[in-house]
Amino acid sequence: MTAQRPHQFERGTDGPKVIVVGVDGSDSSLRAAAYASGLARRQNARLAIVYVQPVMPAGAALGVPVAATTGEIAEELVAEIRSAAERVKGIWDVRWEFHTVHGDPYGGLVTAADDLKADAVVVGASESAGHRFIGSVAVRLVRAGRWPVTVVP
């Protein structure tokens, strides 16, 4: 008889348990959420939908209500996701949860993926032309090499 070691957490052993998807309200991020929800349903995984509230100290210094505005965006995203989940209820169910973190999109997604012990990360392709020079969130996540990353066009 062989001695068994105590079971430790291991990523991706029997398929993904947690799939993180980044949403910001853009068309590509909503397509990524739809794609990730299909993955989660087929894999019986939990879908963690993450909205990263940007921190804009310059805007706050000028009196712009940044926290209130990004909070409203988060509430609108949750309402839209709940509505979509209700439309398909009974046809197919996905275990999902919504998370809001503060920071830059890359750092926020990394933090969320680490905290949630993500097995995979799904993001929408960047719609910004400036990312050709500074690098998109998707490219930075792929380069980090910590999770399988799916980029949805």
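**Labels and the values behind them**

Author: Asp114 is called partly exposed because its relative accessibility is 28%, and the class of partly exposed residues lies between the limits of 20% for buried and 50% for exposed. Please bear in mind that the model is a predicted one.

Reader: What makes the contact of Arg146 with Asp114 a salt bridge?

Author: The closest N and O atoms of Arg146 and Asp114 are 2.4 Å apart. A salt bridge requires a side-chain nitrogen of Lys or Arg within 4 Å of a carboxyl oxygen of Asp or Glu, so the pair of Arg146 and Asp114 qualifies at 2.4 Å. Arg146 lies in the loop between H6 and E5 and Asp114 in helix H4, so the bridge ties together parts that are 32 residues apart in sequence. Arg146, with a relative accessibility of 41%, also counts as partly exposed. In general, side chains of opposite charge can pair when their charged atoms come close.

Reader: How many salt bridges does the structure hold?

Author: The structure holds 2 salt bridges. One of them joins the side chains of Glu97 and Arg46, with an N to O distance of 2.5 Å. Glu97 belongs to strand E3 (residues 95-102) and Arg46 to strand E2, so this pair ties together parts that are 51 residues apart in sequence.

Reader: Why are Glu97 and Arg46 called partly exposed?

Author: Glu97 has a relative accessibility of 23%, and Arg46 likewise has 23%. Buried means under 20%, so Glu97 at 23% is not buried but partly exposed. By the limit of 20%, Arg46 at 23% is also partly exposed.

Reader: How do you know that the span of H1 is close to the expected one?

Author: Helix H1 (residues 27-43) has 17 residues and reaches 24 Å from its first C-alpha to its last. The expected span, at 1.5 Å a residue, is also given as 24 Å. Among the buried residues of H1 are Ser28, Ser29, Ala32, Ala33 and Gly38. Their cover includes strands E1 (18-22), E2 (46-53), E4 (120-124) and E5 (149-152).

Reader: Which residues of H4 are buried, and what covers them?

Author: In H4, the buried residues are Tyr106, Gly108, Leu109, Val110, Ala112 and Ala113. Their cover includes E1, E2, E3, E4 and H6.

Reader: What makes a set of residues a nonpolar core, and which members of the largest one touch the most others?

Author: The members must be buried residues of the nonpolar kinds, joined through side-chain atoms within 4.5 Å. The largest such core has 18 residues, and Val20, Val50, Leu109, Val121, Val123, Leu141 and Trp147 touch the most other members. E1, E2, helix H4 (105-115), E4 and helix H6 (137-144) each supply at least two residues of this core. H4 gives the largest share, 5 residues. Leaving aside neighbours within four places in sequence, Leu141 is in contact with residues including Tyr106, Leu109, Val121 and Trp147. A second, separate core has 16 residues, including Ile19, Ala33, Ala45 and Ala74.

Reader: How many helices and strands does the protein chain have?

Author: There are 6 helices and 5 strands, arranged from the N terminus as β-α-β-α-α-β-α-β-α-α-β. Buried residues make up 35% of the 153 residues in the chain.

Conventions: Residues are numbered from 1 along each chain as its sequence is written. This is a predicted model: local features need pLDDT of at least 70, side-chain atom pairs count only at pLDDT 80 or more; totals for chains, interfaces and linings use all residues. Side-chain values use heavy atoms; hydrogens and water are left out. Helices (H or I, at least four residues) and strands (E, at least two) are DSSP runs, numbered from the N terminus. The expected span of a helix is 1.5 Å times one less than its number of residues. Buried means under 20% relative accessible area, exposed over 50%, partly exposed in between (1.4 Å probe, protein chains only). Contact means heavy atoms within 4.5 Å.
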